[in-house]
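Please keep the sequence and the structure in view while reading.

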Amino acid sequence: TERLYDLNSPAGMALIPGGSFTMGNCMNTNEGGADELPLHTVNVSAFYMDTNLVSYALWQQVYQWATTNGYSFDNAGSGKAANHPVQSVSWYDMVRWCNARSEMEGWTPCYYTNASQSQTTIYRSGQFDLATNWVNWVVSGYRLPTEAEWEKAARGGASCHRFPWSDAETINWNRANYQADPSGYSYDVNPTSGYDTNFASEGMPYTSPVGSFAPNGYGLYDMAGNVFEWCWDWYSSTYYGSSSGTDPRGPGSGSYRVLRGGGWGNVGGD
């Protein structure tokens, strides 16, 4: 989750500085999919992002406050342990959870059920396909990152790399929690294939504790692998060709929202 930039760095968050970066698959046009192209320059304003994935412990803390303060959710969420990431939550759940976390901590919520953005329309229940102008983008509350914000944050200040680390263009179990497939991808240099044996125990999901691997250049953990991360944007396979060059917020509509980062069950090329 992400918070608007302010003067004092919040605990557990990292400043993602404003500036331009090249968004899309800049490694090899034969890799990935057509929706990762064309490459385009995007300028993103500064913001703060949680250094870790939302842990199950943090999810539960906010969830318990929320359900006694007018919020309802589609899913209760689950996690393998308190220090593992929460999983099995919908996009609507995460948006409402962001609002609840904002209110619980005394910040102004970002998401509303219509464009009036009044106190009586704070998004606390139901499934609303929120429009961009139903979001207060300039208040201090928590919200999901846009896809452009997510990708800038994941790159960690380095340009044109395949993964969130910049010292190598390869992946193995020392880098991220994912399903190894060295025979399928030349840049997967793990000595064996399959799920990470450090975490493939006690039944699925094979998540790892948050922060188990080295952070990227901005101090963010698990920007590749472990669990997928929700973004604000509607998904469109052609959006990169028409994306705004400054703080893009995705298509105006769609069928489902963007997920980034991959998970423990995804191979290194996903």
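By class, how many nonpolar, polar and charged residues does the lining of the largest cavity have? The model considered here is predicted, and in it the lining of the largest cavity has ten nonpolar residues, one polar residue and two charged residues. These lining residues number 13, and those that lie nearest the centre of the cavity are Pro164, Trp165, Ala214, Asp222 and Met223. The volume of this largest cavity is about 100 Å³, and a search of the whole structure finds four cavities of 30 Å³ or more.

Taken along the principal axes, the box filled by the C-alpha atoms is roughly 55 × 45 × 35 Å.

The following table collects values for the protein chain as fractions.

| Quantity | Value |
|---|---|
| Buried residues, out of the 270 residues | 48% |
| Contacts joining residues at least 24 apart, among contacts between residues at least 6 apart in sequence | 66% |
| Carbon and sulfur atoms' part of the accessible surface of about 11700 Å² | 48% |

Methods:
Residues are numbered from 1 along each chain as its sequence is written. This is a predicted model: local features need pLDDT of at least 70, side-chain atom pairs count only at pLDDT 80 or more; totals for chains, interfaces and linings use all residues. Side-chain values use heavy atoms; hydrogens and water are left out. On a 1 Å grid over the protein atoms alone, a cavity is a set of points where a 1.4 Å probe fits but cannot get out, and a pocket is an open set with protein on both sides within 12 Å along at least five of seven lines; lining residues have an atom within 4 Å of a point. Grid points are joined across faces, edges and corners, and a volume is the space filled by probe spheres set on the points. Ala, Val, Leu, Ile, Met, Phe, Trp, Tyr, Cys and Pro count as nonpolar, Asp, Glu, Lys and Arg as charged, and the others, Gly among them, as polar. Buried means under 20% relative accessible area, exposed over 50%, partly exposed in between (1.4 Å probe, protein chains only). Contact means heavy atoms within 4.5 Å. Accessible areas come from the Shrake-Rupley method with a 1.4 Å probe; for residues, only the protein chains shown count as cover.
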